[in-house]
Amino acid sequence: MLKNTPHPYSHQSQSPQTSNKTLVIGLTGGIGSGKSAASAWFAEQGIDIIDADVIAHETVAKGSDTLRKIQKKFGDWVLNGDGSMNRAAVRTHVFTNPEALIELEAITHPAIRETAKAQLEASTSPYVILSAPLLIEAAEAGLANLCQRILVMDATEDTQLARASQRDDQSIQKIKAIMTNQLSREERNRHADNVILNESDLASLYLQLEPLHQEYLMLAQQLKFAVD
């Protein structure tokens, strides 16, 4: 089931903070909602996909400036023996220390945002998808402000649990913990320009994505001519 809002192409009446003329669609949704499947389909249509998760991992790669800042802030324990980030240790630390999470995000979010902006500027497809699980939640990163429209992949909690447990071989308890740190379905959908209820198979999902693709192509052309 697809929900559309009447906005022409401006999310929350905000202009994206990028200098090119490319329409940016923010793609988000809870765990197990189908973001990856949607991203793959858009990529098959020739649309550039910018993945915030990939950027986040690259931002703290071994030897990066961001990782050095994290080490300086928290100590050498954030590193493995080979100099890479000890993700498990850092994740455990910030999970039990909200202030540490704020400090960590103050380091990583600006770097993620700048990399995302650079990739948006370099995009050559008619429009571009910016995929981020916490697109709306992570306000400090400002990724939502880079988008003209937000597309939310929606699914019931039972569906999310079933998909995530099968895909990642994670415990139901761990998946529920992840869901707790994400917005509720109602709150996430309230921020959306488009919502796709993804409760069936891939064929059903693709049938919902196709008209959105055509709509985004049209909006991209309108934006280009409006800027010109």
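**Figure 1. Packing of helix H2 against helix H5.** In this predicted model, helix H2 (residues 52–59) packs on helix H5 (residues 98–122) at an angle of about 120°, and the axes lie 9 Å apart. Axes are lines fitted to C-alpha atoms, for helices over the stretch in contact, and angles run from 0 to 180 degrees between N-to-C directions. H2 and H5 are therefore oblique to each other; angles under 35 degrees count as roughly parallel, over 145 as roughly antiparallel, 65 to 115 as roughly perpendicular and the rest as oblique. The crossing of H2 over H5 is right-handed (a crossing is left-handed if the near helix is turned anticlockwise from the far one by less than a right angle, and right-handed if clockwise). Ile55, Ala56 and Thr59 of H2 make the contact with Ala111, Ile112, Thr115, Ala116 and Gln119 of H5, where contact means heavy atoms within 4.5 Å. The contact of H2 with H5 comprises five nonpolar, three polar and no charged residues. In this classification, Ala, Val, Leu, Ile, Met, Phe, Trp, Tyr, Cys and Pro count as nonpolar, Asp, Glu, Lys and Arg as charged, and the others, Gly among them, as polar.

Figure 2. Threonine 59 lies in helix H2. Its relative accessibility is 9%, so threonine 59 counts as buried (buried means under 20% relative accessible area, exposed over 50%, partly exposed in between, with a 1.4 Å probe and protein chains only). Leaving aside residues up to four places away in sequence, threonine 59 touches Ser64, Thr66, Leu67, Ala111 and Ile112.

**Figure 3. Packing of helix H3 against helix H5.** Helix H3 (residues 65–74) and H5 pack at an angle of about 160°, with axes 10 Å apart. That angle makes H3 roughly antiparallel to H5. H3 and H5 form a right-handed crossing. From H3, the residues Thr66, Lys69, Ile70, Lys73 and Phe74 meet Ala100, Glu103, Leu104, Ile107, Thr108 and Ala111 of H5. By class, the contact of H3 with H5 has six nonpolar, two polar and three charged residues.

**Figure 4. The aromatic pair of phenylalanine 42 and tyrosine 127.** The structure contains six aromatic pairs. The ring centres of phenylalanine 42 and tyrosine 127 are 6.3 Å apart and the planes stand at 85°, so this pair is edge-to-face. Rings of Phe, Tyr and Trp (its six-membered ring) pair if their centres lie within 6.5 Å; planes under 30 degrees apart count as stacked, over 60 as edge-to-face and the rest as tilted. Because phenylalanine 42 belongs to helix H1 (residues 35–44) and tyrosine 127 to strand E4 (residues 127–131), the pair ties together parts that are 85 residues apart in sequence. Phenylalanine 42 and tyrosine 127 are both buried. One aromatic cluster is formed by Trp41, Phe42, Tyr127, Tyr206 and Tyr216.

**Figure 5. Lysine 224 and lysine 21.** Lysine 224 lies in helix H9 (residues 202–227). With 41% relative accessibility, lysine 224 counts as partly exposed. The C-alpha atoms of lysine 224 and lysine 21 are separated by 5.6 Å, and these residues are 203 residues apart along the chain. The chain has nine helices and six strands; helices (H or I, at least four residues) and strands (E, at least two) are DSSP runs, numbered from the N terminus.

**Notes to all figures.** Residues are numbered from 1 along each chain as its sequence is written, and side-chain values use heavy atoms, with hydrogens and water left out. In this predicted model, local features need pLDDT of at least 70 and side-chain atom pairs count only at pLDDT 80 or more, while totals for chains, interfaces and linings use all residues.
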